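Hi everyone, thanks for coming. Have a look at the screen for a moment, and then I'll walk you through a few spots.

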Amino acid sequence: MVHIKELYYIETENAKKKLLLFHTKNEIISVSGIITDWEKRLQNYGFALCYRSLLVNLTHIHFIDNKFLYLTNGEQLPVSRNKLSKLKSQYINQIASFPYS
């Protein structure tokens with residue numbers, strides 16, 4: 001079982017075979033499925049498509065530039081030009097919803 005908080009991103013490994021990779025803090029898990037199905041399941045949990053084959057957990061984004069996003073674990077993922085504006089907006093909304101103590 002994977003906790004949403006530990007999931008950094010989901011990546012399509014093989015679209016024809018419907019294989020996905022779940023990238024977590026400690027491991028990469030291979031799962032059967034379609035990324036658009038997971039996008040629908042996780043949209044209310046702070047996940048967004050940054051590329052057609054990548055679904056990222058917004059809470060693990062450190063920052064976004066015009067071509068890439070950088071995760072808190074140091075990984076760098078590409079950002080589609082078509083998804084950049086929406087992704088930045090979703091990221092800002094996610095930051096605004098963080099509870100501060």
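Let's start with this: how far apart should the ends of helix 2 be, given its 16 residues? One thing to keep in mind first is that we're looking at a predicted model. At 1.5 Å a residue, helix 2 should span 22 Å, and its end C-alpha atoms are 24 Å apart, so the two values agree.

Now, where does helix 2 begin? Helix 2 covers residues 81-96, and Ser80 caps its N-terminal end. The cap is a side-chain oxygen of Ser80, 3.2 Å from the backbone nitrogen of Asn82.

Which residues of helix 2 are buried? They're Leu84, Leu87, Tyr91 and Gln94. Here's a bit of background: an α-helix has 3.6 residues a turn, so residues three or four places apart point the same way. And what do those buried residues pack against? Strand 4 (47-51), strand 5 (54-57), strand 6 (61-64) and strand 7 (68-71).

Let me zoom in on Gln94. Its relative accessibility is 17%, and because the cut-off for buried is under 20%, Gln94 counts as buried. Leaving aside residues up to four places away in sequence, Gln94 touches Gly46, Leu58 and Thr59.

Okay, on to the rings. Searching the whole structure turns up 2 aromatic pairs. In one of them, Phe22 and Trp38, the ring centres are 5.1 Å apart and the planes sit at 85°, so we call that pair edge-to-face. Phe22 is in strand 2 (residues 19-24) and Trp38 is in helix 1 (residues 35-42), so this pair ties together parts that are 16 residues apart in sequence. Phe22 and Trp38 are both buried.

Then there's Phe63 with Tyr70: centres 4.5 Å apart, planes at 20°, so that pair is stacked. Phe63 counts as partly exposed, at 40% relative accessibility.

Trp38 has another neighbour to show you. Arg41 lies over the face of Trp38, 4.4 Å from the ring centre.

Last stop, the backbone. Lys18 isn't a glycine, and yet it has a positive phi of about 55°. You'll find Lys18 in the loop between strand 1 (7-14) and strand 2. Is Lys18 buried or partly exposed? With a relative accessible area of 46%, Lys18 is partly exposed.

That's my tour, so over to you.

Terms used: Residues are numbered from 1 along each chain as its sequence is written. This is a predicted model: local features need pLDDT of at least 70, side-chain atom pairs count only at pLDDT 80 or more; totals for chains, interfaces and linings use all residues. Side-chain values use heavy atoms; hydrogens and water are left out. Helices (H or I, at least four residues) and strands (E, at least two) are DSSP runs, numbered from the N terminus. Buried means under 20% relative accessible area, exposed over 50%, partly exposed in between (1.4 Å probe, protein chains only). Contact means heavy atoms within 4.5 Å. Rings of Phe, Tyr and Trp (its six-membered ring) pair if their centres lie within 6.5 Å; planes under 30 degrees apart count as stacked, over 60 as edge-to-face and the rest as tilted. A charge sits over a ring if NZ of Lys or CZ of Arg is within 6 Å of the ring centre and within 35 degrees of the ring normal. The expected span of a helix is 1.5 Å times one less than its number of residues. A polar contact is a pair of N or O atoms within 3.5 Å; within protein, one must be able to donate a hydrogen and the other to accept it, and residues adjacent in sequence count only if both atoms are side-chain atoms.
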